[in-house]
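Here is a briefing on one protein chain. Please keep the structure in view while reading the points below.

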Amino acid sequence: MIWVLAFAAALVGAVLASEAEAMFGFGAGFLIVAALGLLYRQSSRIDALTTRLRDLEARRGPQPESRARPAEAPPPEPSRTVAESMAPAAAAPEEPPPIPSMEAAKPAPTPSPSPAFERPAPRPAASRAPAAEPDAIERFAARLRAFLFEGNVPVKLGLLVSLFGVAALIRYAASAGWLTVPVSMRYAGIALAAIAMLVYGLKQARERPAFGLSLQGGAIGILLLTVFGSFRVPDLLPAGLAFALVLVLVAGAAVLAIRQNAVWLAVIGFLGGYLAPILLSTGSGNHVALFSYYALLNGAVFAMAWVRPWRAMNLMGFVFTFGVGALWGAKYFRPELFSTTEPFLVAFFLMYVTIPVAYALKGREPGKVDATLLFGTPLIAFPMQVALLDGETMPLAFSALAVAAVYLLLALWSRREAKLRVLGQSAAALGLAFATLAVPLALSARWTSATWALQGVALLWLGQTQQRRWPQAAGIGLQVLAGLAYVASFEWGHDGMAILNGHTLNLLLLVAGAGTCAWLLDREHEHQRSPGGALLAATALGWWFWAGAREVERLDNVHAYTDGADLELGAGWLVFVALSALLAAGLRRLSDWRKPAWLPALAMPTAVFAVVVAYLESSSWLSEPRGFTLLALAVAMVVVLPALRGLTGRQASTHIAALAAITLALGLGIREGLEAINAEALGDGWRWILPWLPLAALTALLLRRPTLAAWPVGADAQGYRRIALGLALLVLASVWVVTQVVAGTAAPLPWVPMLNPVELFQLIGVLGLAAWLKSLAPQAPTRPIAAVALGAAVFTLMTMATLRASWHWGAEGFAGTPWMTSVDWWDVASWTVSQAALSVVWSLAGVVCWVLGSRRGSRPLWTYGALLLVAVLLKLLLVDRENLGDLLGIVSFLTVGGLLVIVGRLAPRPPSRLEASE
């Protein structure tokens, strides 16, 4: 009642005040009466409380001054033992216990725990865990430590230092001319001294093996240096004789090492042999002599591998041969030297392909593969072949086929013995990789990335088979290098035919390499989440999308159909998305691997943008042959969704995005069809509402028939149905808000309030919101939000419907075509007829809500009606007051007044809170 009186006083104050001070009078009247009413209510409450307190004191009567004190607690009994406390009462002494003294009355101290509980008993010493097996770095360090610090250490170090010293001495003496004796005599003296040291080492090997072997290795190294130095001096040692002596020395070192089973003797001797051309080089670049010399050394290593498979010898020959060859090629190679260089590369390649066979047959662990040589040989030799061919594609393709043939023949030969199974599998993988590589090489020279990607797969697989970490790490590292190599050789231009061109095939090989490595890592973890697998799978997806983007951009400029129409970006990307979904479905059916499910989950959302791009490129694209791409997308959705069962998140992304793309395409198709009818004869209401019918139909299915809407997965979509429904309702709500400012012409039909396309759509939205509010439980936390949203939506709808009716019935003509009708709603709202209509409509709505809320006991509904009526009163005071001189303004005042009288007659009071809660 206070607020009613305050509002009445506010109206009186506004009427009594002048026109300029109407707002001041309204506020002053409202505040004064409200303040007086609140003071009166507060004083009444204070008086009531005082009276009630006096009544309570009168009923209780006088109270005694002193109250009974609680009995004092007896003194604590002295502590007794457990035995005394459990003794029967008859055993107690007859005489009463003496009065305890003050000391005895004190509480007994808490007994200290027994020594057994003071500290826990010592635990037995835990048995030592077995020592972890040393990794490759620790094993290498142990071998290096054993070589340097075990046996006759001074002799080993001294001989190594002597090798460098003798080589430097020979070079310096030859250049400075210090020696007065002939060069031939100097070299002969050095050779005789080395032979003497060799003989002495042979004699000492029986009694002191370490000392004797060290002398033998040093002597062989010095002899090799001497022979090669003599060969470099003009007219001193012919080439044929030099190579013969080198062959003899290498063979002698091999024989001595084999007979005495001394790998370090061979290492020392061959180390001097490999270092000789480096230390005594004059820069002339005589590659034939250099490679012939290395061919002899590698021939010795190759022969020794079949007798004594020493891995150290094999690795040393591999590193020096290809390392020195790469350095020479980078500095001296010219295309005209190809005929004298290619035979050596082929010979070295075949040698180091065959050496792993000997290691697998007769190594320390027969059957174990030397992965470094098996995979490192093609990894190093093939890039050298590319450098020699200067990037010519067809010779590279034939080279790849030749390498593939070598490895496939090796794989077939390895089937003869069971212990060569791993070797055969590795060779087969390499043969298949190079056979695959030959195809893009025939079309493009981008060999590096594809080679490393495929070999990375083979290395990772071999490392998992042998349970060795280094090959696995190398395989993953090769995938990274493959990507860097592709980026380094990237060119934007297009080459060759569509899809079957070198660039795209190279990208597909990168996809296959990274994807296979991700599958191998996840398989090792039993398809659990592997960080490395996730990273490689993401890399494969990146390569796949990049390949698709390049091909779609290419197809944008080529004629795909016989009628000359171009497959533009939007439709082309829809084809790519459909292919991605079908590929993922195939991979999911072949294996239970989860990573392929990310492909449609990431690709399908891009189809929504592709539909928009296709429409912008050609609004009639659905009526053209490229419109079949939408059918391909729908078929891909039907195929891939069953393959994603059990992966709710990825299935949800794929399904919702596919439905969004299809409904958007159908809506844009409807819009294009309406535009093709007649833009001048069709109202904008149809064009705004009809394109959203597919989405509205899908929303209705999600609400009423969710199983039908979720076809072909049915009940599996229950986990994300609310997400799809929420997104659809969000879009429809956005359309509902946007269409509030639309003129809503219904041509060729006449415009009727609430029976035109725009307002029917808005009315359906309000009814749907009301149905949702009704379905909520009374205690639901979202119920207040839904009630406020419903009230705002109803107010907006009836306000804009009133203004729209005023415009349609009051405007003399349109400001433009029906399709792009532009209405200034602020100007429409300033019309007198609009203000009068708003007052009447708001009043009618407020009266209905007030009466229904009071009759049904709905306090929220009554409050909403009261707020509407307050808004009408404020509007009359602030806006319609200026129109009292107009007939419409007077009618609005009379109508509002009459409605308020009806309210007072039908619903004089609001529903109580108890009724509302019931």
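A residue counts as buried when its relative accessible area is under 20%, and as exposed when that area is over 50%. By that rule, 42% of the 918 residues of the chain are buried. The model is predicted. The chain holds 36 helices and zero strands.

**Overall figures**

- The accessible surface of the chain is about 50,900 Å². Carbon and sulfur atoms supply 68% of that surface.

**Nonpolar cores**

- In soluble globular proteins, nonpolar side chains tend to be buried together.
- The largest nonpolar core in this model has 150 residues. Which of its residues touch the most other members? They are Phe-270, Tyr-274, Met-304 and Met-313.
- Helix H14, residues 338-362, gives this core its largest share, with 12 residues.
- Another core lies apart from the largest one and has 18 residues. Among them are Leu-695, Leu-732, Leu-773 and Ala-780.

- Thr-341 sits in helix H14. Is Thr-341 buried or exposed? Its relative accessibility is 6%, so Thr-341 counts as buried.
- Leaving out residues up to four places away in sequence, Thr-341 touches His-287, Phe-291, Trp-328, Phe-333 and Leu-388.
- Leu-225 belongs to helix H9, residues 209-232. With a relative accessible area of 2%, Leu-225 is buried because the cut-off is under 20%.
- Leu-225 and Tyr-274 are 49 residues apart along the chain. Their C-alpha atoms are separated by 9.5 Å. Tyr-274 is also one of the residues that touch the most other members of the largest core.

**Packing of H25 and H27**

- Two packed helices are described by the angle between their axes and the distance between the axes.
- Helix H25 covers residues 648-677, and helix H27 covers residues 693-704. Their axes come within 7 Å and cross at roughly 140°.
- Angles over 145 degrees count as roughly antiparallel, and 65 to 115 as roughly perpendicular. H25 and H27 are therefore oblique to each other.
- From H25, the residues in this contact are Leu-659, Thr-663, Leu-666, Gly-667 and Ile-670. From H27, they are Pro-694, Leu-695 and Leu-698.
- By class, six residues of the contact are nonpolar, two are polar and none is charged.

- Most residues other than glycine have a negative phi, and most peptide bonds are trans.
- The peptide bond from Trp-711 to Pro-712 is cis, with omega near 15°. Pro-712 lies in the loop between helix H28 (706-709) and helix H29 (721-738).
- Ala-747 and Pro-748 are also joined by a cis peptide bond, with omega about 10°. Where is Pro-748? Pro-748 is in the loop between H29 and helix H30 (757-775).
- Met-754 is not a glycine, yet its phi is positive, at about 65°. Met-754 is in the loop between H29 and H30.
- The relative accessible area of Met-754 is 26%, so Met-754 is partly exposed.

- Val-713 is in the loop between H28 and H29. Its relative accessible area is 5%, so Val-713 is buried.
- Val-713 and Val-638 are 75 residues apart in sequence. In space they are 8.7 Å apart, C-alpha to C-alpha.
- Not counting residues up to four places away in sequence, Val-713 touches Leu-641, Pro-642, Arg-645, Gln-651, His-655 and Tyr-720.
- Val-870 lies in helix H34, residues 859-878. With a relative accessible area of 36%, Val-870 is partly exposed.
- Val-870 and Gly-846 are 24 residues apart in sequence, and their C-alpha atoms are 9.0 Å apart.

Methods. Residues are numbered from 1 along each chain as its sequence is written. This is a predicted model: local features need pLDDT of at least 70, side-chain atom pairs count only at pLDDT 80 or more; totals for chains, interfaces and linings use all residues. Side-chain values use heavy atoms; hydrogens and water are left out. Helices (H or I, at least four residues) and strands (E, at least two) are DSSP runs, numbered from the N terminus. Buried means under 20% relative accessible area, exposed over 50%, partly exposed in between (1.4 Å probe, protein chains only). Accessible areas come from the Shrake-Rupley method with a 1.4 Å probe; for residues, only the protein chains shown count as cover. A nonpolar core is a set of buried Ala, Val, Leu, Ile, Met, Phe, Trp, Tyr and Cys residues joined through side-chain atoms within 4.5 Å. Axes are lines fitted to C-alpha atoms, for helices over the stretch in contact, and angles run from 0 to 180 degrees between N-to-C directions. Angles under 35 degrees count as roughly parallel, over 145 as roughly antiparallel, 65 to 115 as roughly perpendicular and the rest as oblique. Contact means heavy atoms within 4.5 Å. Ala, Val, Leu, Ile, Met, Phe, Trp, Tyr, Cys and Pro count as nonpolar, Asp, Glu, Lys and Arg as charged, and the others, Gly among them, as polar.
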